Every structure is written in structure tokens, then in C-alpha cells.
Amino acid sequence: MRALARQWLREAGFRVVDGSALSQPRRPVALVILDCANPRQAEPALRLLQAERPVPVLLMSARLRPGQQHSTALAAQLGVRGVLPKPFTREALLAAVQRALATGTTGD
């Protein structure tokens, strides 16, 4: 899924880098897409990421569903800009990324 998401984002004109770019202080990052198996266990990683470099996060997981209240509540609790359930379509990925980049609020 990651390779396909990377391809779709590049085709849409986004510059895509892997997680190592976050360790380079001068390299700007507009959005992090975090793929996690268990979103409820993502909080420590998100806290560490935000402590090192505050950056908007889109949470990707097969355990989340858009429109379900617990997914929206968890996104708000974790402080992410949105959730992207797997599997997803190209259109769903691009829409989630656009929403995450366009707003400063959480949601899916």
C-alpha cells in the first residue's frame, strides 16, 4: 500500500520522501502520513514526532473507518488532521491529503 500511495501522490504532483527526511532539520515537510497497525498505540510515536518537529499528520490504518464516530474521536484525541482507512482508492488518498493540508483541524 505504501508503494502505491507514494506512486499516486507523485503522479498528483506531490514530492514524497520517506521518514528519514524528518531527521533533517532544514528539509520542510508539509504532511506526514503515518501507517499504523493499531491506532490506539500510535500516541507515543505521535508525541515523539510532535516534540521533535511539529508537523500535520494523517493517520492511515485498516482499523479506522471514515465517518465512524470512534475514528473521528480518536483522530481528535491523537491530534491528527485526519484518518485514512485501508484499503483506500487513489481518490480517497488524494482527498484525505488535500483536506489535511487545507485545514488546521482534525477530522476524517
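**Entry 1: the pocket**

I began with the lining of the largest pocket, where H1 gives the most, with five residues. The model is predicted, so I noted the ground rules: local features need pLDDT of at least 70, side-chain atom pairs count only at pLDDT 80 or more, and totals for chains, interfaces and linings use all residues. Residues are numbered from 1 along each chain as its sequence is written, and side-chain values use heavy atoms, with hydrogens and water left out.

A pocket here is, on a 1 Å grid over the protein atoms alone, an open set of points where a 1.4 Å probe fits, with protein on both sides within 12 Å along at least five of seven lines; lining residues have an atom within 4 Å of a point. I looked up the volume of the largest pocket, about 760 Å³, taken as the space filled by probe spheres set on the points, which are joined across faces, edges and corners.

Its lining has 24 residues, with Val16, Val17, Leu31, Val32 and Ile33 nearest the centre. H1, E1 and H4 each supply at least two of the lining residues. I sorted the lining into 17 nonpolar, one polar and six charged, counting Ala, Val, Leu, Ile, Met, Phe, Trp, Tyr, Cys and Pro as nonpolar, Asp, Glu, Lys and Arg as charged, and the others, Gly among them, as polar.

**Entry 2: helix H1**

Helices (H or I, at least four residues) and strands (E, at least two) are DSSP runs, numbered from the N terminus. In H1 (residues 2-11) I found Ala5, Trp8 and Leu9 buried. Their directions from the helix axis to the C-beta atoms define an arc; the buried residues fall within 100°, so they line one face of H1. Ala3 and Glu11 are exposed on the face turned away. Buried means under 20% relative accessible area, exposed over 50% (1.4 Å probe, protein chains only).

Strand E1 (32-35) and helix H4 (90-102) are among what covers the buried residues of H1, by contact, meaning heavy atoms within 4.5 Å. After H1 comes Gly13, with a positive phi near 100°.

**Entry 3: towards and along H4**

I checked the Lys86 to Pro87 peptide bond: cis, omega near -5°. Pro87 sits in the loop between strand E3 (82-85) and H4.

Which residues of H4 are buried? I listed Leu93, Leu94, Ala96, Val97 and Ala100. Seen down the axis of H4, they fall within an arc of 160°, so they line one face of the helix. They pack against H1, E1, strand E2 (57-61) and E3, while the face of H4 turned away carries the exposed Glu91 and Ala102.
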